[in-house]
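User: Please take a close look at one part of this model. How is it packed, and what does it sit alongside in the fold description?

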Amino acid sequence: MEINEDKLYDELLEVRRKLIRNQSTNNIRKYYPVFEQLNYTLAQITGFAVDPKDILYRNVDELNDDIRLQNKKQILEYFNRAITEGDPLYFLFMSFNDILKESNYIPLINDNIPFYNETQAREMILTYFKQFGDKIYNIAKSYLDGRVSINIDLDPGTGGSFMNNYANELGYILIKYGEFNAASISAIVHEIGHAIDNSLFVYPQQKELSLSNQFLIEVPSTFFEINFLQYLIENNIDVKGAQYCLADRIFILRRLSDEYEKFYNLSDGLITEDRCIVDPTTDEVIDLDGAILYGYGYLFSLNLCELFKEDKNLAMKKLINLICSRKEITILESIESLGFDEDEFLSLKRPKDNIKKFIKKYNEGFNIYE
Ligand SMILES: [Zn+2]
């Protein structure tokens, strides 16, 4: 899996031209981040980057002020929404948190799960995506054929990154792992989930999601990731690796209640430009944003994957409706649109037995599979 450098360079120059041609605040706000993402991708795989200095002829200070003001407005809107929508969800998250606390989750290092070579990994991914029809399969394939690079030195803690490209239907995927196992392969599937979202919904509708509407941005990616792991178990492809990854992902849900709890106990807070909240008395950083994106992502996906087990076509229809309407509706309305009862959904009533099973097996250690 390697990124086609020539294609990437051409796309970078195309975005650069878009920026030079139209220097309105909106155009710069839209394409400058794309330029930076593509430039970062180029730097990661070649060690070289394009100098952005000569792109903008507008007064950069004035422009930055404009953008900062718009960003500030959006960040405030975002957290406002987090408060109003999180409020009714808060106590249900707390009850789920208790289940996880009871389970004595102990994080382990994934050095004890099977490894694969690149051909096997590719085959596992493509065979999985085949069941979703040509459109989705072809997106997955076009990424594996020149838009995914592995062994990239991303920030610590991140397994993969989708480099969005609003100027093009297709973006790029950077993966931090150097070896193929269930963890790295499901990370690729997760990023392909973002790619599918971008190609099928965001790009054709030019439905650029603003900061305040990003609550469900991790739903398509986490859906394919969880669904892929369950597929590995059901088809007896890699039970041990998939069990490890599922137990690990479920842990992320605990962060959602933890961060909400800290957030609600805060009497005063500073919001930083990278969307973190800082407690001014203790300097503690609350990453409510990250907790929301992944927490809601896994919460929706675990429920959707249960629907998928019951009725594959219906689950896909509901997923697509949810993705298309996420800009307009609230979290509670989204839950209703899936046909779930709120309490049932938020307490993960349907997947709960599976979750308990994964965590139990995980805590018992991996030897039982050998
Ligand atoms: Zn993601």
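Analyst: Helices α7 and α9 are oblique to each other, because their angle is neither under 35 degrees (roughly parallel), nor over 145 (roughly antiparallel), nor 65 to 115 (roughly perpendicular). The model is predicted: local features need pLDDT of at least 70, side-chain atom pairs count only at pLDDT 80 or more, and totals for chains, interfaces and linings use all residues. Residues are numbered from 1 along each chain as its sequence is written.

The axes of α7 (residues 219-234) and α9 (residues 288-310) come within 8 Å and cross at roughly 50 degrees. Axes are lines fitted to C-alpha atoms over the stretch in contact, with angles from 0 to 180 degrees between N-to-C directions; helices are DSSP runs of H or I, at least four residues, and strands runs of E, at least two, numbered from the N terminus. The crossing is right-handed, with the near helix turned clockwise from the far one by less than a right angle.

On the α7 side, Val219, Ser221, Thr222, Phe223, Ile226, Asn227 and Gln230 meet α9 residues Gly297, Tyr298, Phe300, Ser301, Leu302, Leu304, Cys305 and Phe308 (contact: C-beta atoms, placed from the backbone, within 7 Å). This contact has 9 nonpolar, 6 polar and no charged residues (nonpolar: Ala, Val, Leu, Ile, Met, Phe, Trp, Tyr, Cys and Pro; charged: Asp, Glu, Lys and Arg; polar: the others, Gly among them).

As for strands, the model has an open sheet of 3 strands, ordered β2-β4-β3 with mixed pairing, where pairing needs at least two DSSP bridges. β2 and β4 (residues 172-175) run parallel, joined by 2 bridges, whereas β3 and β4 are antiparallel over 4 bridges.

Note on methods
Contact = placed C-beta atoms within 7 Å.
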